[in-house]
Amino acid sequence: MGETLGTVCIGFNRMKLAWILVGSLMLLGLCAWILSIGDAEMRVLAWCVIPLFGFTALYSLRNLIVKKNALILSPEGISDFSAYGSPGFVPWSAVRGAFRYRFNGHDSIVFDLVAPETYIHRLSPVARMIRWSNQKAFNTPLQINAYAINMDFEGLCRLLDAYLAAFKNVRIEDRRTPR
C-alpha cells in the first residue's frame, strides 16, 4: 500500500492567517492606545503583550506572503511547518505512533517520536523553549493542529492515518475525552 501514497503538500489556510493578522494588529493598536492614556500598571501590561502580538502579526504576515507548504507528507516522512517552532522533517523511522488529543477544546494529532530531543535541538532558542514545553506536556515536539492548514481536521486524520498505516503499520489512537 505504501507504494501508492506519493507526496502530499498541504498549504496554509490563508483566510485564517489573514484574520489572525487583523486581530493581532487590532490588539497592537489597543496596546498603543493603552500606552498613551493608561495608568502605570496598564502600561506595564501593554508593554508585556506587545511582543506577543507583534510576533504573531509578523509570523502571520510572513506565512501570507511566502508561498510555503504547512505540511508535507511523503514516503520518506513528514515535514511540519504549520506552527512556529515546528520540527521540520521527521522520517517515518523516527515515528513510533500517533494519537488524537483534545486540549482546551482543540483537537490535535500528537506523534510519539523515538528521539524527540533530536528535533528540538535543531530549532532556534525561542522555538526550542516552545517545543520543550510541548515535550513536557505531550512527551513529543511534533503536534499538529488543523487551525493553520488548508484542510479540515477529520480529513487530516484520515490522511495521516493512511500514511502511518502504510509506512509504520500503526494507526492513530483516539485519546480524546468525550465532548
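**View 1. One side of helix α4 holds a set of buried residues.** In helix α4, the residues Ala 127, Arg 131, Asn 134, Gln 135 and Phe 138 are buried. These five lie on the same side of α4, because they cover an arc of only 105° around the axis. Now look across to the other side of α4, where Pro 125, Met 129, Lys 136 and Ala 137 are exposed. How far apart are the end C-alpha atoms of helix α4? They are 20 Å apart, and this agrees with the 20 Å that the 14 residues of α4 (residues 125-138) should span at 1.5 Å a residue. Keep in mind, here and in each view below, that this is a predicted model.

View 2. Strand β5 covers residues 95-103 and strand β6 covers residues 106-113. The two pair in the antiparallel sense, over eight bridges. To follow one of the pairings, find Arg 100 and then its bridge partner in β6, Ile 109.

View 3. In which sense do β5 and β8 pair, parallel or antiparallel? The pairing is parallel, and it runs over three bridges. Strand β8 consists of residues 172-174. Within β8, Glu 173 stands opposite Phe 99.

**View 4. A nonpolar patch lies on the surface.** Four residues form this patch: Met 15, Trp 19, Val 22 and Met 26. Together they have about 490 Å² of accessible area. Met 26 belongs to helix α1, which runs over residues 14-37. Is Met 26 buried or exposed? Its relative accessibility is 60%, so Met 26 counts as exposed, since the cut-off for exposed is over 50%.

**View 5. Leu 64 is a buried residue of helix α2.** Helix α2 spans residues 40-65, and Leu 64 is part of this helix. Leu 64 has a relative accessible area of 15% and therefore counts as buried, as the cut-off is under 20%. Along the sequence, Leu 64 and Phe 167 are 103 residues apart. In space, their C-alpha atoms are 32 Å apart.

**View 6. Stepping back shows the whole chain.** The chain has five helices and eight strands. Along the sequence, their pattern reads β-α-α-β-β-β-β-β-α-α-β-α-β. Taken along the principal axes, the C-alpha atoms fill a box of roughly 65 × 35 × 30 Å. Of the 179 residues in the chain, 42% are buried.

Methods:
Residues numbered from 1 in each chain as written. Predicted model: local features only at pLDDT ≥ 70, side-chain atom pairs only at ≥ 80, totals over all residues. Heavy atoms only, no water. Patch = residues over 30% accessible without salt bridge, like charges linked within 9 Å, V, L, I, M, F, W, Y side chains within 5 Å. Areas by Shrake-Rupley, 256 points an atom, 1.4 Å probe, with all protein chains shown as cover. Salt bridge = Lys/Arg side-chain N within 4 Å of Asp/Glu carboxyl O. Helix = DSSP H or I, 4+ residues; strand = E, 2+ residues; numbered from the N terminus. Buried < 20%, exposed > 50% of the residue type's maximum accessible area, 1.4 Å probe, protein only. Pairing = 2+ DSSP bridges. Expected span 1.5 Å × (residues − 1). Arc of directions from axis to C-beta.
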